[in-house]
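Subject: Handing over the structure

Hello,

Here is the structure I promised to pass on to you. Please open it first, and then read my notes below alongside it.

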Number of protein chains: 2
Amino acid sequence: VSTSPRAGGVDSLPAAVLDLVGLAAYVELAEFGLLAARSVDAPDLATRQALADGADRALARQGALVALVSAEGATPDATAGLMAPFDGALAEFDTRTRSTDWAEGVLTGIVGHGVLQDLCRALATGVPGSLGKDLGEVLGRPGPVTGRAARTRVGADAGTIAVVTRLAGADDVLASRLALWGRRVVGEALRTGTSLLDSRPSLGTLAGDAARESGTDPGAARSWLVTRLTGEHTRRMDRLRLAA
Amino acid sequence: VSTSPRAGGVDSLPAAVLDLVGLAAYVELAEFGLLAARSVDAPDLATRQALADGADRALARQGALVALVSAEGATPDATAGLMAPFDGALAEFDTRTRSTDWAEGVLTGIVGHGVLQDLCRALATGVPGSLGKDLGEVLGRPGPVTGRAARTRVGADAGTIAVVTRLAGADDVLASRLALWGRRVVGEALRTGTSLLDSRPSLGTLAGDAARESGTDPGAARSWLVTRLTGEHTRRMDRLRLAA
């Protein structure tokens, strides 16, 4: 992926692409904040570091996304400008998925932001040409993945998934509780995602283009998206070894 | 030369060097956590992004430091292993510099972690050869700096400094309050730094080597260090346009 600014700058790009990058950048910033916060109160130093590294990778994806469309590069002001239409878009999601439990908090990041990253990746398939491919590639960067996990690309940070898998693998009661929590979070995330498509017509249009690209009637874009996101959620829960 | 069995492949490095990198890595992780936390409750999106980017740069410095001494690279486990001797070393500093005021919180990161970064940079001058130079270079990476500021290298993130400078420059009452807060934080940071030298003999020895390197009697290493750190604090407050 070329990270050099595009020749024409932002003006030559369709509004839908800028909205998609703004939303994706905002989702990555939200994941950064959540993982960083759970890093600060992590149970041990290695976990604290693993979540800090996960937060770091979210911000790296964000920087790479913004660099694809910003003529001035991923400066704080350029990034904030792209995200501005989505400021506060996750407030209701945050309120409805607040948990005082540390592991549930981490899972909220994996599942909730994972669904929204998957949404952005699905919308990117509606962006024509190399830019659409580049956006999809950056959004799909999963962090350090090895072995079997590498073959199951899911919208979530691999290092963060490893933290939860390790904890839940050693504690059946926690695993059941997290499975339940995951079902709650995915419902809220799907609701947030679809309401974003309603509130931002350019993204709704992009969803139609993406559906058409996959051979689906654009009029059925919403149910196509929900099916796709639900399927990716199931694979993600499998990766976590939690019941979806 | 005493060696440490801690991290694989680093047996040839003196214990003092591993302790220095462990401390420096821990300080960067602490700065990451503080800036990320202040990013989450920042007053606007551009500031939120600027502090997230600052947190990111702290973690990038940390990764580069660990990579200099770890044969397996900057994995979470290798990084945690190096930091382990310093786990909790900033707990008293954190307690004594807790503030509910947002701008004071950011300044705590700039001034407090700045002093501790300066301490690590000073100790790195006692590490012989190219490793000492490399450690000093990484610790001195100031983030995106342009213009006049580039000529005043201080141990603090330039993007974060810009956030405080902008706020304080527009509000004299805030500037006075922050100047007062900076004096409190620098006292706590100097106390934390010198007590680290007491509690970790290898670092005390390194301080002696660093003092000798600068032409100072190693027996006067502590006062040499305090003078040096205080001078760097003064320059940092000048950069912030706050009274030291």
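A word on terms before the tour: helices (H or I, at least four residues) and strands (E, at least two) are DSSP runs, numbered from the N terminus. This is a predicted model, in which local features need pLDDT of at least 70 and side-chain atom pairs count only at pLDDT 80 or more, while totals for chains, interfaces and linings use all residues. Residues are numbered from 1 along each chain as its sequence is written, chains are lettered from A and ligands numbered from 1 in the order in which they are written, and side-chain values use heavy atoms, with hydrogens and water left out.

**Chain A as a whole**

Chain A has ten helices and zero strands, so its pattern along the sequence is simply α-α-α-α-α-α-α-α-α-α. Chain A has 244 residues, and 56% of them count as buried (buried means under 20% relative accessible area, exposed over 50%, partly exposed in between, with a 1.4 Å probe and protein chains only). Contact here means heavy atoms within 4.5 Å. Taking the contacts in chain A between residues at least 6 apart in sequence, 78% join residues at least 24 apart.

**How the two chains meet**

Chain B can be laid on chain A with an RMSD of 0.0 Å, by a turn of 180° and a shift of 0.0 Å along the axis (copies are superposed by least squares on the C-alpha atoms of residues with pLDDT of at least 70 in both). That is the relation of a two-fold axis. Both copies use the same surface, as 100% of the contact residues of chain B recur in chain A.

The contact takes 26 residues from chain B and 26 residues from chain A. About 2100 Å² is buried between the two chains, and carbon and sulfur atoms give 66% of that (buried area is the accessible area, with a 1.4 Å probe, that two parts lose on being put together, summed over both). On the chain B side, B:Leu45, B:Arg48 and B:Gln49 lose the most area to chain A, together 28% of what that side buries.

What holds charges or polar atoms together across this interface? There are zero salt bridges between chain B and chain A (a salt bridge is a side-chain nitrogen of Lys or Arg within 4 Å of a carboxyl oxygen of Asp or Glu). Four residue pairs, both at pLDDT 80 or more, are in polar contact across the interface (a pair of N or O atoms within 3.5 Å; within protein, one must be able to donate a hydrogen and the other to accept it, and residues adjacent in sequence count only if both atoms are side-chain atoms). In chain B, α1 (15–40), α2 (45–69) and α3 (76–83) each supply at least two residues of the side that touches chain A, and α2(B) gives the most, with eleven residues.

One residue to look at there is B:Ala50, in helix α2 of chain B. B:Ala50 is buried, with a relative accessible area of 9%. Leaving aside neighbours within four places in sequence, B:Ala50 is in contact with A:Pro76, B:Arg57 and B:Val163.

**Two threonines in chain A**

A:Thr97 sits in the loop between α4 (91–96) and α5 (102–124) of chain A, and at 5% relative accessibility it counts as buried. A polar atom of the A:Thr97 side chain lies 2.7 Å from the backbone oxygen of A:Phe93. Beyond neighbours within four places in sequence, A:Thr97 is in contact with A:Thr108, A:Trp181, A:Val185 and A:Glu188. A:Thr108 lies in helix α5 of chain A and is buried too, at 3% relative accessibility.

**Salt bridges**

Side chains of opposite charge can pair when their charged atoms come close. The count over all chains is 26 salt bridges. A:Arg177 takes part in one with A:Asp101 (3.2 Å, N to O); A:Arg177 is in helix α8 (residues 172–199) and A:Asp101 in the loop between α4 and α5, 76 residues apart. A:Arg177 also forms a salt bridge with A:Glu104, the closest N and O atoms being 3.1 Å apart. A:Glu104 lies in helix α5, so this pair ties together parts that are 73 residues apart in sequence. A:Arg177 is partly exposed, at 34%, whereas A:Glu104 is buried, at 10%.

Enjoy looking around!

Best wishes
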